[in-house]
Amino acid sequence: MTASSAIRPALWFLCATLAFALPICGHAQNRPITIPPATQIFPPTLPPAATTPASPAPQGIPPAPRETLPTSVEIVRDPLSAGIVMYGQLAGKANSALAVISAIFAYSGAFDRAPAPLLAVADKEDRSAQTLFTATVHGATVHGIAVVVLDDTGGNVSVFYDYADSFTASFPRLQQALGPGGVEAGLTALHLADGSQISVTPGWRVIGQGKGVIDLAGALGEAMTLGDTIPISDSPSPLVGSVAQEQCCDPAAALRAAFPRSAAQRHGSPPELLTDIVASTEAPAPTGGQAAFLLANLSVDGSSYSYFALAEAISGFANPWTLRLSGVMAPRPVFAAELPSLLSIWSSYSANPQGFGERLKAAAQNIAALQPMLKPTPDATQYRADGGWNDVIGAIITHPGAAGGDPVDDATVRKLLDRLAKDSGGPWRVMPWPSP
């Protein structure tokens, strides 16, 4: 995570509709959740007549007012499955944690219909509650856990869920992602032919490699080339036509000269045209040259891309001189949502010089246009569900037919209650919650 992507829509139920529904298409188990385009991240507030009707709430526990629910939320997604956890602060006070969970089920809009609770537990005063539920998204079954903790100013809420047969594995990873430091984007190491390695998130593949150079492509239109070397001549030469021409050693000028020549053309990809350089910040200079991290806009086959690159202009004793270029590009909405993950992949390349990851992160933080995209590593421990749910989730998966009656055996439930009591310092109990 990785661990982790943050989305802050204007309304909780709109946020759920746009971002929390699992991308189910043919029940693709490991398909990562696609972050909505930037134009949808802040949807306009709908007039009352146009708002999505609330799903029927489970009977027996009336939902808290919709206005109690968070007006902004964060999302952490499991890098190895479609699982997510959404979390945020309540916007108002409530008297019952279970009533807030009922409101989440009634108003979230993320599910085909209101989720069905399988096991609801709460502390003695109903100030903290956690509920295992089942629901459907686009017709596919999901399992999840909703957590609410009330306090004097409002409280907090989190909702975990994933496909029914993936939740057992994804829940512990989502728990980890909400702890100090989070999950480092769930990177998986790839060993390369030259002995180096790089770690990537699901969906990335190597499309070219050589000694000290690698080309990768992501599932959402991302592309990364690290260690590319481009000859550039500072005067006319017989090589002009295959070699860019520019005086050494301005990194920005060298970057302009290098386009549309790029690694993409080596693999038959559409031409990449540099439209403008947005910002730059200095980087450690190579011997006899200059270097900078640059943020640029590209046009790739007519689509708008963002590009963040390290351009190192290296002079020599004769023409041509060398531009060493490493960078990552993606469609603008994807780039904005995935920048922390992109930087993690880039930093993991073992051919990078020592300390490169810290310099890369510092460079991104020095560019104003990138700062809103750099979410801090989450430390959201207070939003965790209790770890005692692991056995309960396992029981649900092992005996799916049990959901029609008691979802788990008494011993497993008692173990959960004892764990909750120990972790919170007070007794917990099972709460009846009739299905609608």
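Hi everyone, and thanks for coming. One thing before we start: this is a predicted model, so please keep that in mind as we go along.

Let's begin with a hairpin. Strands β9, residues 205–210, and β10, residues 213–217, run antiparallel and are joined by five bridges. If you want a pair to find on screen, look for V206, which stands opposite L216 in β10. Two residues sit between the strands of this hairpin, and G212 in the turn has a positive phi of about 75°.

D126 has a phi of about 55°, and D301 has a phi near 55°. Both are found in loops between strands: D126 between β3 (116–123) and β4 (128–137), and D301 between β14 (290–300) and β15 (303–314).

So are these two buried or exposed? D126 has a relative accessible area of 14%, and because the cut-off for buried is under 20%, D126 counts as buried. D301, on the other hand, comes out at 60% relative accessibility, and since exposed means over 50%, D301 is exposed.

One last stop, and it concerns a peptide bond. C248 and C249 are joined by a cis peptide bond, with omega about 20°. Where is C249? You'll find C249 in the loop between β12 (244–245) and α5 (251–258).

Conventions: Residues are numbered from 1 along each chain as its sequence is written. This is a predicted model: local features need pLDDT of at least 70, side-chain atom pairs count only at pLDDT 80 or more; totals for chains, interfaces and linings use all residues. Side-chain values use heavy atoms; hydrogens and water are left out. Helices (H or I, at least four residues) and strands (E, at least two) are DSSP runs, numbered from the N terminus. Buried means under 20% relative accessible area, exposed over 50%, partly exposed in between (1.4 Å probe, protein chains only). Two strands pair if DSSP finds at least two bridges between them.
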